[in-house]
Structure formats: structure tokens, C-alpha cells
Amino acid sequence: MTPAQILSQLKKFGIPFKEYKDWKNHNRNHKGKWGPVHGLMVHHTGSNNKDQRALLYDGYSTLPGPLCHFGLDQDGTIHMIGWGRANHAGSGDDDVLDAVIAEKDIPHDNESNTDGNARFYGVEIWYSGSQKMSDAQYKTLQLLSAAVLDFHGWNEQSVIGHGEWGSPGKWDPGYTPGKMMDMDDVRKDIKATLAKGKPSTPSKPTPSKPKPVPAFPGRGYFRPGARNKYVTQLGQQLVKKGYGHFYRVGPGPSWTNVDRSAVRAFQRAHRELAGDADGYPGPLTWTMLFS
Ligand SMILES: [Zn+2]
């Protein structure tokens, strides 16, 4: 993927994200190969600090940055850190890489003979690994995986934990001291997220003139307890724009937290709206949603 392509995938899946410094040009391509890429590798940073962007971007003297492509903070926001070769995977097991390429069950790793930094996108989740990641982080991990898999046409077997890769001593992503999450369970959830969240393919563009944007009915129609046709109209448009994975049922006429979450994701994905992403549509959100 190019930087523009990953951003468009993040938007397509309603993933909140922020861009850090010159991430699009920040990589270690001058030090080694980058690509072909075969999968996404999941890490914990080993720290619960609130802001880990600088460390992931700069790295440290013995391990220069970028240390990943995606930083995933506690509230579920993705921070874009680098694009290209990054120091996150180290050496691992060629049998694991072969399984990822073939999308077969991941074998137990027992050697470190293959450069992973050329082969994997990497997400560093901001938590110690000695406790569970936050629910928001887990949700975004699911959506990020789905966004990457959707672009490449891969299945859930293309997502592995660093602890499965064959780098000695690694157990990330962890859930309790020294123990890695059951990645087969994580992959099952990713499979379900991908199946549910995959936005329908857009229909062929028609040469007819674009539909006019309907008038914004007013903020009072989108409040807890509200029930009206505009809530349905809003929900249907959110589904059209790729936010359908928020809705297990519906959309319908009653304003719910699901509508609010979908609106907030849409707002966060658009720079003009991100500053006031409260999940309640105003005239600008409405206009952008229907344009
Ligand atoms: Zn790691």
C-alpha cells in the first residue's frame, strides 16, 4: 500500500487516526529491503505511557526508528508513525513466513533466520502486555486488521503476534506477565470483523448529475430519545459511506449510541470535523456525509 492507500482504508473502515510528523517518508529503506509485504504483525510496547509517538518515531540508539507503522493508543486511535521498512519484527522463522504467505495455520516458531522488517506491517499497541489491552484498542486492532486484509485480499491468517514470529524472548501481544494472547482467538475475531465490516463494493459510477445534499433538519433530531426519519436517513448514509460495521441491526429511526459512534468515526476521519468529533451531527457533518 502507498500512504494514500492506507489512509483511504482507515477511512473506509471508520478507524480514528492521526498523522505524526513526516510519517509518509519516515522509514529505514536505506538500510535494507522493504516488501513484498505478506502480513500484519501485532506488538505491545511494554509501557502504559499515554503518549508513545516520539519513542516509536525516533527509536533509540541501539534500535533507530521508526519502530512500527501504526501506534495504537489507549483510546483506540491509530497514530501513523512511519511507512516503509521499520524496526519492529527482527529476525524470525521462515516456516512461519511461508505459512503466512500460504495463509495456513501458523507453525510453532523454532528459528530466527528471516528478516521480518521487510515482510510485515507492524502495529505497536500502547500497553505493557502484563495486563489486557483496552477494549478500544482491541476494537481498533480488529478494524485495522480488516482494513489491511481487505486491501490486499488476504485472510485472517496473515495477522500474527510478534511472539509467534521466532524472535527469542518475545511474547507480544501479552495479557498477563510473560504470556501471549491466544492469537487463534484473535484471528477468529478478525475473520468475523472482516466478514461483518467489509463495506459493500461501491456501485459503478453513473453519468447522471450528483444528487443534491438534503437540507440539514436541525440538531434537535439527533439527541438521546429522538425517533424520526432523519435518524434513519443519517444511518443509511453512514452505511453507504462505509460505516455499516457499527450497526449490528438497523439503522432505524431511534437515535442510539451506535448512531453516535458511527457519526463520531466519520467526524474523526475528516480533518474539518475531527476537532469537534462529539458524535452529534451538525450542518457541516451532515453536508460532508451527503456529498
Ligand atoms: Zn514486538
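A residue is counted as buried if 20 or more other C-beta atoms lie within 10 Å of its own. By that criterion, the buried residues of helix α9 (residues 283-290) in this predicted model are T285, W286 and L289. Seen down the axis of α9, these buried residues fall within an arc of 100°, so they line one face of the helix.

**Domains and their contact**

- Seven residues from domain 1 and nine residues from domain 2 take part in the contact.
- On the side of domain 1 that touches domain 2, α1 (3-12) and α5 (183-197) each supply at least two residues.
- By class, that side of domain 1 comprises two nonpolar, two polar and three charged residues.

**Nonpolar cores**

- In soluble globular proteins, nonpolar side chains tend to be buried together.
- Here the largest nonpolar core has 47 residues, and those with the most contacts inside it are I15, L40, F70, I78, V123, L144 and A147.
- Helix α4 (residues 135-152) gives the most to this core, contributing seven residues.
- A second, separate core has 14 residues, among them L238, F246, V263 and A269.
- I78 is in contact with L10, I15, P16, F17, F70, L72, T140 and L144, when its neighbours within four places in sequence are left aside.

- The buried residues of α1 are I6, Q9, L10 and K12.
- Viewed down the axis of α1, its buried residues fall within an arc of 160°, so they line one face of the helix.
- The packing partners of these buried residues are β1 (17-19), β6 (78-80), α4 and α6.
- Just after α1, G14 adopts a positive phi of about 65°.
- The buried residues of α9, for their part, pack against α6 (229-243), α7 (257-268) and α8 (271-274).
- An α-helix has 3.6 residues a turn, so residues three or four places apart point the same way.

- Six of the six residues of strand β2 (residues 39-44) are buried, so the strand is largely enclosed by the rest of the structure.
- Both faces of β2 are covered, with G39, M41 and H43 buried on one side and L40, V42 and H44 buried on the other.
- Strand β9 (residues 120-125) runs parallel to β2 and is joined to it by six bridges.
- Within β9, F120 is the bridge partner of G39.
- Strand β10 (residues 159-161) also pairs with β2 in the parallel sense, over three bridges.
- In β10, G161 stands opposite V42.

**Residue H44**

- H44 lies in strand β2 and is buried, because 29 other C-beta atoms lie within 10 Å and the cut-off is 20 or more.
- Not counting residues up to four places away in sequence, H44 touches I125, Y127, S128, G129, D172, P173 and G174.
- H44 and D278 are 234 residues apart along the chain, and their C-alpha atoms are separated by 29 Å.

Methods
Residues numbered from 1 in each chain as written. Predicted model: local features only at pLDDT ≥ 70, side-chain atom pairs only at ≥ 80, totals over all residues. Core = buried A, V, L, I, M, F, W, Y, C linked by C-beta atoms within 7 Å. Buried ≥ 20, exposed ≤ 12 C-beta atoms within 10 Å, placed from the backbone. Helix = DSSP H or I, 4+ residues; strand = E, 2+ residues; numbered from the N terminus. Contact = placed C-beta atoms within 7 Å. Arc of directions from axis to C-beta. Pairing = 2+ DSSP bridges. Nonpolar A, V, L, I, M, F, W, Y, C, P; charged D, E, K, R; others polar.
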